[in-house]
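Hi everyone, thanks for coming.

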Amino acid sequence: MKQFQILKKYFHKKPPSQLLFPLYALCGLLLVIGIYRLHDASLQHNSSSHTSSQSAKQTSQESEFLSYLDKIFQAEVTSNTLNLHYTLADPASADLTDYPVTLGEISARQESAQLASLENMKQELHSYDPSKMSVSCRLTYDVLEDSINRSMAMAPYYYFTEPLSSTGGVQSEYPILLAEYTFHSKKDIEDYLQLLAQFDTYFQKVCLFEKEKAKRGLFMNQKAVDNVITQCRAFIPEDSADSFWETTFQERLVQMKELTAQEKKSYINRNHELLQEHVYPAYHNLIANLKALKKEGTNNQGLCYFQDGKKYYTMLVKSTTGSDRTVPELQNMVEKQRSNHLAELTRLTSEMAEDAFSANLLPFKTPEEMLDHLKQQIASSFPVPPEANCSIKQVNKKLQDFLSPAFYLTSPMDHFTENCIYINPGNRYNEIELFTTLAHEGYPGHLYQTIYSYSAQLPPIRYILYHGGYTEGWATYVEMLSYAYAGIDQTAAQALMLNQDATLSLYATIDMGVHYDGWSLADTVDFLADYGITESAVISKIYQAIIENPANYLKYYIGYLEFLNLKEQAKTYYKNDYSDLLYHTAVLNMGSAPFYILEKYFVKYYKAAK
């Protein structure tokens with residue numbers, strides 16, 4: 001569980017897309033899991049005007065500061081073994097040889113301990129003088145200070161958080177992360193088995209947390225309980241021997257050539273026993289506890305109906321999006337964008353033939369061809385990433401009904417040349433949906449961001465600080481650009497992009513309406529009716545998803561709008577000296593950060609990108 005916005009976040013979900021107009025025949029809810037880590041190209045000591053004495057002081061200050069960052073990184077990354085494994089393939093390369101194997105902690109005591117730790121971290125941070133550091137270190141200083149401040153501000157609202165979120169809870173994410181837990185060594189196998197042995201203990205802590213939420217009147221509503229229980233049941237197999245827990249484990253053992261047949265058999269038996277004794281009972285216990293607490297969830301509407309819920313949502317929006325605009329300012333920004341784009345969409349569709357969309361079939365069919373095409377298309381306007389391989393795999397058959405249409409799992413920072421995007425054949429794609437999804441997850445989206453960032457060799461702490469608005473805003477921004485790369489008629493491509501933009505804006509408006517203004521389901525029905533969306537089952541599903549995941553959709557759309565806003569500022573400032581290549585290079589080189597920090601450093605990084 002990411003308790004203070006400082007732990008690594010593995011799953012970045014693309015919001016569902018219920019398109020506005022039947023004309024485009026792209027209906028259905030689309031949830032795509034994506035993974036991303038930040039990038040910040042080193043500017044080294046970019047201070048040529050300093051004297052040698054000043055440079056020496058700067059070097060000494062930076063050396064101490066970087067040591068401080070390494071200390072934080074080691075403490076944070078070892079607090080959860082899943083974090084550690086997905087960050088470093090070889091922990092020993094970061095001098096991490098003796099670390100606890102743990103799924104993490106969740107309790108009021110842990111919350112207090114982390115708050116004290118954050119206060120100490122901030123005090124030590126302020127002992128360094130950023131004015132004596134290079135631009136890149138000053139940026140890292142600001143990003144870390146912002147993360148600490150946001151985490152401390154959110155601390156009093158600890159029990160507003162939800163470890164069992166239906167789109168990102170431990171009940172669903174931990175099994176997937178374990179199913180994709182790569183075995184590089186026997187140590188990895190042993191760590192994996194120890195994690196399985198902790199499932200029942202950890203889930204019991206989650207149950208105690210949920211009971212405390214219920215006491216405080218903050219328990220999830222009954223529909224959310226039903227959704228989580230359904231997910232839990234999906235991970236309890238009817239036939240244990242043929243479960244994905246068993247088959248994926250055995251498939252990974254096959255790749256371990258150094259193991260003898262007897263060792264593999266022993267590991268398989270241990271895995272089976274741990275599943276029977278710890279994992280499946282953990283899910284059964286969680287289901288039983290949720291059923292017992294179900295009636296405690298009485299708020300079927302937004303956060304603003306909880307005491308202090310509106311204050312929490314306001315801080316959550318800022319933390320999630322990285323925007324320093326107020327919620328009303330964000331509402332106006334979203335409304336203005338939607339109004340402009342719908343007007344343009346109306347103009348385009350009035351001039352197009354009725355078969356304009358069906359006539360535009362993509363010139364390639366396979367995911368591999370689409371990714372290759374995307375890499376070629378972005379070459380002139382995006383910085384060159386390092387060489388890396390990407391395999392396209394199918395989601396395990398036993399998980400197809402549960403998992404999203406596609407996802408990318410981040411590769412470790414010390415082993416980023418091998419990457420994988422999973423496609424779920426249980427979902428029905430049309431070509432343009434698959435193409436834009438691969439842009440979001442692959443090039444120039446999450447995969448591209450990941451390998452480009454790792455090649456920069458930043459201070460490791462930057463790779464575990466999560467900024468959803470930057471991460472998902474970037475992936476949404478490039479997804480919108482990808483319509484023009486699809487090799488179809490450009491007018492049709494523009495219309496499809498505008499339609500998707502307007503669709504995502506609706507989710508953003510509903511999110512803020514529900515949690516900040518207190519919209520009921522009836523209010524949401526009335527709002528969507530103005531856009532021709534009247535299917536009651538679809539609207540109820542959207543409303544419930546937003547109730548369960550406050551501000552989740554904002555990181556996609558607000559993040560995307562903030563990238564567009566920064567881009568317009570750059571065009572206005574640089575005029576003829578502006579280029580998309582320089583803009584993309586600058587924002588990628590700054591790395592994952594709140595947008596108010598990106599704006600502060602943008603000119604320096606744009607200049608350095610030339």
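Okay, let's start with a loop. Find Pro 444, which sits in the loop between helix 14 (431-441) and helix 15 (446-454). What kind of peptide bond joins Tyr 443 and Pro 444? A cis one, with omega at about 5°. And keep in mind that this is a predicted model.

Asp 95 is in the loop between helix 2 (81-87) and helix 3 (108-125). Asp 95 isn't a glycine, and yet its phi is positive, about 60°. Is Asp 95 buried or exposed? Exposed, with a relative accessible area of 64%.

The other spot is Asp 308, in the loop between helix 10 and helix 11 (309-321). Again we have a residue other than glycine with a positive phi, here near 65°. Asp 308 counts as partly exposed, with a relative accessible area of 36%.

Now let's zoom in on a helix. Helix 8 covers residues 222-234, so 13 residues. From its first C-alpha to its last, helix 8 reaches 19 Å, close to the 18 Å you'd expect at 1.5 Å a residue. Which residues of helix 8 are buried? They are Ala 224, Val 225, Val 228, Ile 229, Gln 231 and Cys 232. If you look down the axis of helix 8, those buried residues fall within an arc of 160°, so they line one face of the helix. Here's a handy bit of background: an α-helix has 3.6 residues a turn, so residues three or four places apart point the same way.

And what does that buried side of helix 8 pack against? Helix 5 (170-179), helix 10 (261-293) and helix 19 (536-548). Turn to the face pointing away from the buried side, and you'll find the exposed residues Lys 223 and Thr 230. Before we leave helix 8, check its N-terminal end: Asn 221 caps it, with a side-chain oxygen 3.2 Å from the backbone nitrogen of Lys 223.

Last, let's zoom out. The protein chain has 22 helices and five strands. Of its 610 residues, 59% count as buried. Take the contacts in the chain with a separation of 6 or more: 80% of them come from residues 24 or more positions apart.

Terms used:
Residues are numbered from 1 along each chain as its sequence is written. This is a predicted model: local features need pLDDT of at least 70, side-chain atom pairs count only at pLDDT 80 or more; totals for chains, interfaces and linings use all residues. Side-chain values use heavy atoms; hydrogens and water are left out. Helices (H or I, at least four residues) and strands (E, at least two) are DSSP runs, numbered from the N terminus. The expected span of a helix is 1.5 Å times one less than its number of residues. Buried means under 20% relative accessible area, exposed over 50%, partly exposed in between (1.4 Å probe, protein chains only). The arc is that of the directions from the helix axis to the C-beta atoms. Contact means heavy atoms within 4.5 Å. A polar contact is a pair of N or O atoms within 3.5 Å; within protein, one must be able to donate a hydrogen and the other to accept it, and residues adjacent in sequence count only if both atoms are side-chain atoms.
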